[in-house]
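This note is written for a colleague who is new to the structure. The numbered points below take up its salt bridges, its sheet and its helix packing in turn.

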Amino acid sequence: MQLAISDDLSDYIIAPDPGAARLTRAVEGLDQTGAPARISVVEERPLTIFLNSQEIVTAMTIGDYPEYLALGFLRNQGMLRPDEEITGVDYDEDLETVVVRTAVETSHEEKLKKKTRTSGCAVGTVFGDMMEGLEEVRLPQVEVRTSWLYDLAARINRTPSLYLEAGAIHGTVLCRENRPLVYMEDVGRHNAVDKIAGWMLSTGEGAEDKILYTTGRLTSEMVIKTAMMGIPVLASRSGFTAWGVEIARQVGLTLIGRMRGQRFVCLSGAERLVWDADPDSVPVEDRKHRRKSVEG
């Protein structure tokens, strides 16, 4: 059952647009009784990313914010340095390609040879040397109030979204304190994170005071991307993988999962938490308001 939604999107810089053209398609079928049924399903289309003249990857995506996706993917894979001068980002809708251009020509042939498939539920890639650079990560020791976490969970899960419209999709939200700022969705949680990374790179938005919220599992890839973005806190309604927890502890990332109603579990970085909210004072999630935890 769908949860009650909120029309208050005042804090969002970018919010989901479930009614946007090309994101869903109406498909007809039969329900459990054999009666005709018509539902919305999420579109999935390829996007090929180039870095200068080098083809890097073809990702399956819902198709919104392709420039942010390309920039964030390249940044999170270490193909764009923090000080890289980007001279252009060109999207061709007909060819379904994005070309990111830099002032200095880059070459990543050796890295591309190490390409491996991720554990995500949609096509995505990381590289054999994906741990490279993590030893240099220094995440800020900021304060995170538990009251912020409860507020964020309640607000995000009641935001109109493509998930509520059609399901089969992940969401990732960039937050500051108890305010959700940028909400991205995609068929793969890694794509949604990369869109946020691309937006931050494009706007020069800092990471030190941010919380990243995701509907997906807290895997090694999610932890690595968050740490490489410089964000000190990663939270989810879903669960953890052992390697994700291990890497979070290695880099000092605050890792919070199973955030549902009055409950959550912190398996790394608890020193940042300020326990300023009594869980008993937090409203219990009514069944009709619960968002299904996305595990796939």
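1. The salt bridge count for this structure comes to 18, where a salt bridge is a side-chain nitrogen of Lys or Arg within 4 Å of a carboxyl oxygen of Asp or Glu. The model is a predicted one, in which local features need pLDDT of at least 70 and side-chain atom pairs count only at pLDDT 80 or more, while totals for chains, interfaces and linings use all residues. Residues are numbered from 1 along each chain as its sequence is written, and side-chain values use heavy atoms, with hydrogens and water left out.

2. One of the salt bridges joins R81 to E84, with the closest N and O atoms 3.5 Å apart. R81 is partly exposed at a relative accessible area of 45%, whereas E84 is buried at 11%. Here buried means under 20% relative accessible area, exposed means over 50%, and partly exposed lies in between (1.4 Å probe, protein chains only).

3. A further salt bridge is formed by D209 and K210, whose closest N and O atoms are 2.7 Å apart. D209 is partly exposed, with a relative accessible area of 32%, and K210 is buried, with 2% relative accessibility. Salt bridges that share partners bring R176, E205, D209 and K210 together in one network.

4. D194 and K225 also form a salt bridge, with 2.9 Å between the closest N and O atoms. This pair links distant parts of the chain, since D194 belongs to helix α5 (residues 189-203) and K225 to helix α6 (residues 220-229), 31 residues apart. Helices (H or I, at least four residues) and strands (E, at least two) are DSSP runs, numbered from the N terminus. Both D194 and K225 are buried.

5. Axes are lines fitted to C-alpha atoms, for helices over the stretch in contact, and angles run from 0 to 180 degrees between N-to-C directions. Contact, meaning heavy atoms within 4.5 Å, is made by residues including V193, D194 and M200 of α5 and M222, K225 and M229 of α6.

6. How many residues of α6 are buried? The number is 9 of its 10 residues, and the helix is mostly covered. Among the buried residues are S220, E221, I224 and K225. Just after α6, G230 takes a positive phi of about 85°.

7. The sheet deserves a separate point. Its 4 strands form an open sheet in the order β4-β3-β6-β5, with mixed pairing; two strands pair if DSSP finds at least two bridges between them. β4 (54-61) and β5 (86-92) are at the edges with a single partner strand each, so one side of each has no neighbour in the sheet. On average, neighbouring strands of this sheet are turned by 15° against each other, direction ignored.

8. β5 pairs with strand β6 (residues 97-102) in the antiparallel sense over 6 bridges. D92 stands opposite T97 in β6. Helix α1 (residues 66-76) lies across β3 (45-51), β4, β5 and β6, and runs at about 55° to β3.
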